[in-house]
Amino acid sequence: MNLSIVIPLLNEAESLPELAAWITRVCEKEGYAWEVVFVDDGSTDDSWAVIQNLRQNNDRIKGIRFQRNYGKSAALNEAFRASTSEVVITMDADLQDSPDEIPELYRMEKKEKWDIVSGWKKKRYDNTLTKNIPSRLFNAATRKVSGIKLHDFNCGLKAYRGKVTRSIEVYGEMHRYIPVIAKWHGFRRITEKVVEHRPRKYGKSKFGWERFVNGFLDLA
């Protein structure tokens with residue numbers, strides 16, 4: 001297996017079939033030895049039933065289910081532990097991350113030998129006051145504290161060298177600080193790539209101010 005695509009999710013039943021089909025088209029075109037790992041973080045809709053149906057039709061699709069909502073960090077950590085691939089790509093399940101970014105992220109990992117390639121959603125479709133202002137403050141503070149020059153630490157679309165995901169532990173709200181955690185573990189080849197940000201097609205955002213607050217407390 002040379003590529004694992006890890007997708008944490010909470011109540012995203014509507015988007016999963018379209019996302020799985022899109023990823024399959026991209027990966028089959030590129031000829032990867034690949035898998036998708038959906039992590040259902042305690043969904044209360046039909047997300048798990050959809051994942052089971054997708055698994056029946058495609059043995060490259062795998063699923064992990066939490067009985068309650070533990071948060072994105074726990075979901076990522078569990079999937080990272082389960083992956084043995086050379087390259088791990090994470091993305092959100094809401095179709096705001098484009099699977100068409102996968103080939104270039106994979107190339108940057110394999111050919112340019114980065115430890116982490118972090119997505120930067122330079123042009124966004126959700127520039128609301130409740131999301132944009134705390135995000136800017138968070139990114140500025142994290143750049144200053146960590147010395148890592150990324151514009152968008154919180155972007156869910158990232159590519160990792162497999163050794164990185166197998167060496168770190170993610171908990172609380174620390175998924176926003178994965179590049180910082182990786183640097184603490186000696187992985188310093190960290191860069192970013194401008195990626196497409198797509199308008200949300202289904203469902204609603206899970207964003208809340210309290211998650212940034214909890215994230216700062218975890219980092220402290």
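Predicted model: local features only at pLDDT ≥ 70, side-chain atom pairs only at ≥ 80, totals over all residues.
**Reading a seven-stranded sheet**

Student: In which sense do strand E4 and strand E6 pair, and over how many bridges?

Tutor: Two strands pair if DSSP finds at least two bridges between them. Strand E4 (residues 87-90) and strand E6 (residues 158-161) are antiparallel, with four bridges.

Student: What is the strand order of the open sheet?

Tutor: Strands (E, at least two residues) and helices (H or I, at least four) are DSSP runs, numbered from the N terminus. The order is E3-E2-E1-E4-E6-E5-E7, and pairing is mixed. Strand E3 (61-66) and strand E7 (190-194) are the edges, each pairing on one side only.

Student: Which strands does helix H1 touch?

Tutor: Contact means heavy atoms within 4.5 Å. Angles run from 0 to 180 degrees between N-to-C directions, with axes fitted to C-alpha atoms, for helices over the stretch in contact. Helix H1 (residues 16-30) packs on the sheet and touches strand E1 (3-9), strand E2 (34-41) and E3. Its direction makes about 160 degrees with that of E2.

Student: How much of the protein is buried?

Tutor: Buried means under 20% relative accessible area (1.4 Å probe, protein chains only). Of 220 residues, 54% qualify.

Conventions:
Residues numbered from 1 in each chain as written. Heavy atoms only, no water. Buried < 20%, exposed > 50% of the residue type's maximum accessible area, 1.4 Å probe, protein only.
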